[in-house]
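Open the model in your viewer and follow the stops below in order. Each stop says what to select and what is found there.

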Amino acid sequence: MNVLGIETSCDETGVAVYRDTEGVVANQLFSQIDLHREYGGVVPELASRDHIRRTLPMIDEVLKEAECTSSDIDAIAYTAGPGLVGALLVGASVAKSLAFAWQVPAIGVHHMEGHLLAAQLAEESPDYPFVALLVSGGHSQLMACHEPHQYELLGESQDDAAGEAFDKVAKMLGLPYPGGPAIADLAQKGDTGRFRFPRPMTNKPGLDFSFSGLKTFTLNTINDLGELTEQDRADIAAAFQEAVVDTIRIKCERALDATGLERLVIAGGVSANVELRKRLDQSAEKHQRQVYYPPLRLCTDNGAMIAYTGYLRLLHGHSEDLGINVRPRWPMTELNTDE
Ligand code: KG4
Ligand code: ZN
């Protein structure tokens with residue numbers, strides 16, 4: 001069985017084919033970073049227009065890469081939300097139209113479920129049950145996952161998502177968008193011992209996050225220093241990253257303690273952060289637990305995670321009509337009732 005996956009929720013056009021017997025057999029990604037860079041963030045209208053230009057040619061490309069034709073495609077999965085409404089509508093319209101023309105089912109996929117299930121595409125794949133930490137540009141959530149497609153929200157960010165905090169602090173330091181990889185690079189030259197930034201919401205019980213105070217603390221540190229040297233910028237990047245990573249580690253340990261679960265799955269763009277992976281690996285080893293991540297290239301937005309999640313949803317009996325509907329806001333726990 002071949003499932004075509006289309007991801008257009010934000011600033012990346014991702015198209016891929018998942019084959020049940022072989023795994024991901026084609027995976028193309030076009031990042032719009034250069035298009036949005038001069039604005040310091042994603043401009044929704046520009047994103048939608050670019051998705052329109054890219055999606056169909058990329059579908060042709062992945063069919064070639066997967067050495068198949070449209071008649072070999074058994075289902076089309078697309079990101080139905082959450083995300084930018086115009087961007088989502090491009091992927092949904094293309095998927096539904098092709099599904100109609102090719103007489104195959106279309107499957108609307110939850111973007112964050114796609115991120116999470118990408119961990120099953122890694123060599124070491126997690127069994128259920130597990131605690132999931134979803135950290136992306138739009139979400140920071142801890143979930144308990146006892147069985148496939150059932151999600152119990154344990155905690156989430158009360159303000160900025162982890163990736164969003166990376167992006168905003170990067171901007172303060174004059175680094176390009178997206179900020180996560182730029183901060184991670186700069187932090188390598190920094191001294192984590194020079195500043196100690198707060199670990200928000202770790203002093204009191206609970207599994208929620210808040211990153212906006214940390215962002216303000218970073219801004220105040222920058223303002224207090226005045227003119228920044230290259231070393232100042234690196235030290236601030238290192239202190240900020242250290243604080244985010246440490247906060248996430250504490251919350252993950254707490255979630256595993258609270259649920260009694262032994263496996264942790266980290267997904268979403270921030271799960272590409274090497275320092276975060278290092279720290280969570282150390283914690284897992286210390287507590288004799290297991291931690292799982294998606295393959296590095298599948299941590300950020302991509303079509304493979306959508307194709308794979310669509311495949312699993314299809315097996316699970318998912319079906320929908322030909323109406324074109326997207327969900328710009330869509331709590332993942334609502335998937336539980338979608339039987
Ligand atoms: O999952 P994703 O590609 O898109 C959303 O669904 O939001 O995540 C993008 C986010 C951005 O905020 C980006 O700065 C962050 O993930 N990110 C990272 C790293 N790579 C991407 N944050 C920290 N370290 C990284 N290496
Ligand atoms: Zn994403």
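Start with the zinc ion (ligand 2) of this predicted model. Its protein donors are His 111 (NE2), His 115 (NE2) and Asp 301 (OD), lying 2.0 Å from the ion. Along the sequence these donor residues follow the spacing H-x3-H-x185-D. His 111 belongs to helix H4 (residues 111–117) and Asp 301 to the loop between strand S10 (290–292) and helix H10 (303–315), so the pair ties together parts 190 residues apart in sequence. Both are buried: His 111 has a relative accessible area of 6%, and Asp 301 one of 12%.

Next, select helix H5 (residues 162–172) and helix H8 (residues 230–259). Their axes come within 11 Å and cross at roughly 175°, which means that H5 runs roughly antiparallel to H8. Show the side chains of Ala 162, Ala 165, Phe 166 and Val 169 on H5, and of Phe 240, Gln 241, Val 244 and Ile 248 on H8; these make the contact. Seven of the contact residues are nonpolar, one is polar and none is charged.

Glu 230 is partly exposed, at 48% relative accessible area, whereas Arg 233 is buried, at 16%.

Then pick Asp 257, which forms a salt bridge with Arg 289; their closest N and O atoms are 2.6 Å apart. Asp 257 is in helix H8 and Arg 289 in the loop between helix H9 (274–287) and S10, 32 residues apart. Asp 257 is exposed, at 53%, and Arg 289 is buried, at 13%.

Finish with Asp 160, Glu 164, Lys 168 and Lys 215, joined into one network by salt bridges that share partners.

Note on methods. Residues are numbered from 1 along each chain as its sequence is written. Chains are lettered from A and ligands numbered from 1 in the order in which they are written. This is a predicted model: local features need pLDDT of at least 70, side-chain atom pairs count only at pLDDT 80 or more; totals for chains, interfaces and linings use all residues. Side-chain values use heavy atoms; hydrogens and water are left out. Donors are N, O and S atoms within 2.8 Å of the metal (3.2 Å for Na, K and Ca); water is not among the atoms, so sites may look incomplete. Helices (H or I, at least four residues) and strands (E, at least two) are DSSP runs, numbered from the N terminus. Buried means under 20% relative accessible area, exposed over 50%, partly exposed in between (1.4 Å probe, protein chains only). Axes are lines fitted to C-alpha atoms, for helices over the stretch in contact, and angles run from 0 to 180 degrees between N-to-C directions. Angles under 35 degrees count as roughly parallel, over 145 as roughly antiparallel, 65 to 115 as roughly perpendicular and the rest as oblique. Contact means heavy atoms within 4.5 Å. Ala, Val, Leu, Ile, Met, Phe, Trp, Tyr, Cys and Pro count as nonpolar, Asp, Glu, Lys and Arg as charged, and the others, Gly among them, as polar. A salt bridge is a side-chain nitrogen of Lys or Arg within 4 Å of a carboxyl oxygen of Asp or Glu.
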